[in-house]
Amino acid sequence: MIYPIVKYGREVLEKPGNRVVDFNSNLEKLVADMFETMYAANGVGLAAPQIGLPLRLCVIDTTAAEEPKTKLVLANPEIILVEGEVVQEEGCLSLPDFRAKTPRPERVTVRAQDIHGQEFTMTGEGLLARAFCHETDHLNGKLFIQHVGRLKRESIKRKVRKMMKAGEW
Ligand SMILES: [Zn+2]
């Protein structure tokens, strides 16, 4: 099932999510639906708040392909180590058509639980490191525009407000 993606402006995107506690078949179904939704939107990551669920759960596939080993499920993720910094254009499915140069660590180690509740740690570089940060931010109620310069952020917010007024958002 493909969920509609919640856009910037909705409260669920700016509130910390609740911990995942039930690792059951409902969670498996939800994760499958999140991958389907993410691929349909051509995204490389999707967090549960983006489909309206205040839950600390996200899916990532930086290859955007159906290669099973590149499909990552992170429940209750926490970033435990960061190194370096890279500034690169970043976007978000909840802010369609907006992109901005965003600084992120070059190398990121995340600790999370998998779909069965098993804890694991994983280190990613480049786009994967960026996805770890971007998706973990979502679970803490943060969006990438909080990491960009103030002028750029205000410009994006202004454009969104204009579109909201026009009923185009
Ligand atoms: Zn996002």
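The legends below describe close-up views of a predicted model. Local features need pLDDT of at least 70 and side-chain atom pairs count only at pLDDT 80 or more, while totals for chains, interfaces and linings use all residues. Residues are numbered from 1 along each chain as its sequence is written, and side-chain values use heavy atoms, with hydrogens and water left out.

**View 1. The zinc site.** Cys92 (SG), His134 (NE2) and His138 (NE2) coordinate the zinc ion at 2.0 to 2.3 Å. Donors are N, O and S atoms within 2.8 Å of the metal (3.2 Å for Na, K and Ca); water is not among the atoms, so sites may look incomplete. Along the chain the donors have the spacing C-x41-H-x3-H.

View 2. Helix H2 (residues 127–139) holds both His134 and His138, 4 residues apart, about one turn of the helix. Helices (H or I, at least four residues) are DSSP runs, numbered from the N terminus. His134 is buried at 7% relative accessibility, and His138 is buried at 1%. Buried means under 20% relative accessible area (1.4 Å probe, protein chains only).

**View 3. Phe35 and Tyr39 in helix H1.** The ring centres of Phe35 and Tyr39 are 6.1 Å apart and the planes are at 20°, so the pair is stacked (centres within 6.5 Å, planes under 30 degrees apart). Both residues lie in helix H1 (residues 25–40), 4 residues apart. Phe35 is buried, at 6% relative accessible area; Tyr39 is also buried, at 16%.

**View 4. Lysines over aromatic rings.** The charged end of Lys71 sits over the ring of Phe35, 4.7 Å from its centre. Lys7 lies over the face of Trp169, at 5.0 Å from the ring centre. A charge sits over a ring if NZ of Lys or CZ of Arg is within 6 Å of the ring centre and within 35 degrees of the ring normal.

Key: Phe/Tyr/Trp six-rings, centres within 6.5 Å; stacked < 30°, edge-to-face > 60°. Helix = DSSP H or I, 4+ residues; strand = E, 2+ residues; numbered from the N terminus. Buried < 20%, exposed > 50% of the residue type's maximum accessible area, 1.4 Å probe, protein only.
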